Amino acid sequence: LRLQALYDSMTQGFVICRAIRDPAGRLVDYWLTEANPAFIQGSPGAGAMLGRRVLEVVPEIPAVWLEICDEVLTTGKPGKYEYWSEPAGRWLEAYITRMGPDEMAQLFVDVTQRKLAEQRYKDLFDELNHRVENNLTIISSLLTIQARTASPRARDELLKAVGRIDT
């Protein structure tokens, strides 16, 4: 009862899946056997996936997803996959754990706010780099102008400084 209460009240999506393998033993799809309410409510079309082959419902799942799932099932080591969910309109991180030889659990955590913050930091860093580059270009130009009227020895030193700035 305690585990069922936890399962039902989790805010992250949680599913249990059973592997579908081809004759060569490769993972080609999986059945979604159970899903908690958070997964069903937070994933458009999730209710249609229960008891069905996942790729029948979501054919655009990247091959790397199945590769990670297969590695988890083969090695027993947990895996992780981060992706943009177009239907949900958010970034998700999926944690995958083996529960049995052909059964795995997947926990989905919304990481949209983190991804937006990372993009904002990247944009700020790019802007900072752009401004520093512009400032160094101005300094280099001023030193070049100054070198035109400087003595030969000073000109050599100024042009060496320009070279270091350009580098």
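**Exercise 1.** Determine how exposed D126 is, and how D126 and K122 are related in the predicted model.

*Solution.* Start with accessibility: D126 has a relative accessible area of 37% and is therefore partly exposed, the class between buried (under 20%) and exposed (over 50%), with a 1.4 Å probe and protein chains only. K122, at 45%, counts as partly exposed as well. Next, D126 and K122 form a salt bridge with closest N and O atoms 2.9 Å apart, a salt bridge being a side-chain nitrogen of Lys or Arg within 4 Å of a carboxyl oxygen of Asp or Glu. Finally, the two residues are four apart in helix α6 (residues 112-148), which means a separation of about one helical turn; helices here are DSSP runs (H or I, at least four residues), and strands are runs of E of at least two, numbered from the N terminus.

Residues are numbered from 1 along each chain as its sequence is written. Because the model is predicted, local features need pLDDT of at least 70 and side-chain atom pairs count only at pLDDT 80 or more, while totals for chains, interfaces and linings use all residues, and side-chain values use heavy atoms, leaving out hydrogens and water.

**Exercise 2.** Work out which parts of the chain the salt bridges of R21 tie together.

*Solution.* First, the side chains of R21 and D70 meet in a salt bridge at 2.8 Å, N to O; since R21 lies in strand β1 and D70 in helix α5, this pair ties together parts 49 residues apart in sequence. Second, R21 forms a salt bridge with D102 at 3.0 Å, and D102 lies in the loop between β4 and β5, so that this pair ties together parts 81 residues apart.
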